[in-house]
Amino acid sequence: MLDESKKSLIEAEERYRHEIAKKISDEATTVEKDIETSSHQIWAKIYDILNSNVGMLILSSVFISALLDLS
């Protein structure tokens with residue numbers, strides 16, 4: 001049987017493990033949100049570039065080149 005000092009030591013270790021696991025989980029959630037935000041920002045910038053006059057020129061030249069290559 002375990003005496004009280006060993007029980008309290010085990011309880012303290014378990015509390016510590018729980019705190020560390022919670023910190024790691026919180027940090028992982030923050031990193032996931034940062035990655036998601038960055039991804040959305042990148043795609044928004046790409047969309048803005050392709051939707052501009054220069055982007056339309058680039059897209060049309062790629063499509064015309066592809067069509068000429070097929071024939």
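Mentor: Start with a term. A patch is built from residues with over 30% relative accessible area and no salt bridge; like charges are joined within 9 Å, nonpolar side chains (Val, Leu, Ile, Met, Phe, Trp, Tyr) within 5 Å. A salt bridge puts a side-chain nitrogen of Lys or Arg within 4 Å of a carboxyl oxygen of Asp or Glu. The model is predicted: local features need pLDDT of at least 70, side-chain atom pairs count only at pLDDT 80 or more, and totals for chains, interfaces and linings use all residues. Residues are numbered from 1 along each chain as its sequence is written, and side-chain values use heavy atoms, with hydrogens and water left out.

Trainee: What is the secondary structure of the chain?

Mentor: Helices (H or I, at least four residues) and strands (E, at least two) are DSSP runs, numbered from the N terminus. By that count, the chain has zero strands and two helices.

Trainee: What radius of gyration does the chain have?

Mentor: The value is taken over C-alpha atoms, and the globule rule is 2.2 Å times the number of residues to the power 0.38. The C-alpha atoms fill a box of roughly 85 × 25 × 5 Å along the principal axes. A compact globule of 71 residues would come near 11 Å, but this chain has 28 Å.

Trainee: What share of the residues counts as buried?

Mentor: Buried means under 20% relative accessible area, exposed over 50%, and partly exposed in between (1.4 Å probe, protein chains only). Areas come from the Shrake-Rupley method with a 1.4 Å probe; for residues, only the protein chains shown count as cover. The chain exposes about 6,700 Å², with 64% supplied by carbon and sulfur atoms. Of its 71 residues, the buried share is 1%.

Trainee: Which residues make the nonpolar surface patch of about 500 Å²?

Mentor: Take two members. Trp43 lies in helix H1 and is exposed because its relative accessibility is 58%. Isoleucine 49 is also placed in helix H1, residues 4–50, and is exposed at 52%. The patch is made by Ile42, Trp43, Ile46, Ile49 and Leu50.

Trainee: How far apart in space are tryptophan 43 and threonine 30?

Mentor: In sequence, they are 13 residues apart. From C-alpha to C-alpha, the distance is 20 Å.

Trainee: How many salt bridges does the whole structure hold?

Mentor: Look at one of them. Glutamate 14 and arginine 17 meet at 2.8 Å, N to O. They sit three residues apart in helix H1, about one turn. A search of the whole structure gives a total of four.

Trainee: Which residue meets lysine 22 in a salt bridge?

Mentor: Again, both lie in helix H1, four residues apart, so the separation is about one helical turn. The N to O distance is 3.6 Å, and the partner is aspartate 26.

Trainee: How far apart are the mean positions of the positive and negative charges?

Mentor: Lys and Arg count as positive, Asp and Glu as negative; His and the chain ends are not counted. Each charge is placed at NZ of Lys, CZ of Arg, CG of Asp or CD of Glu. For 8 positive and 13 negative charges, the mean positions are separated by 8 Å.
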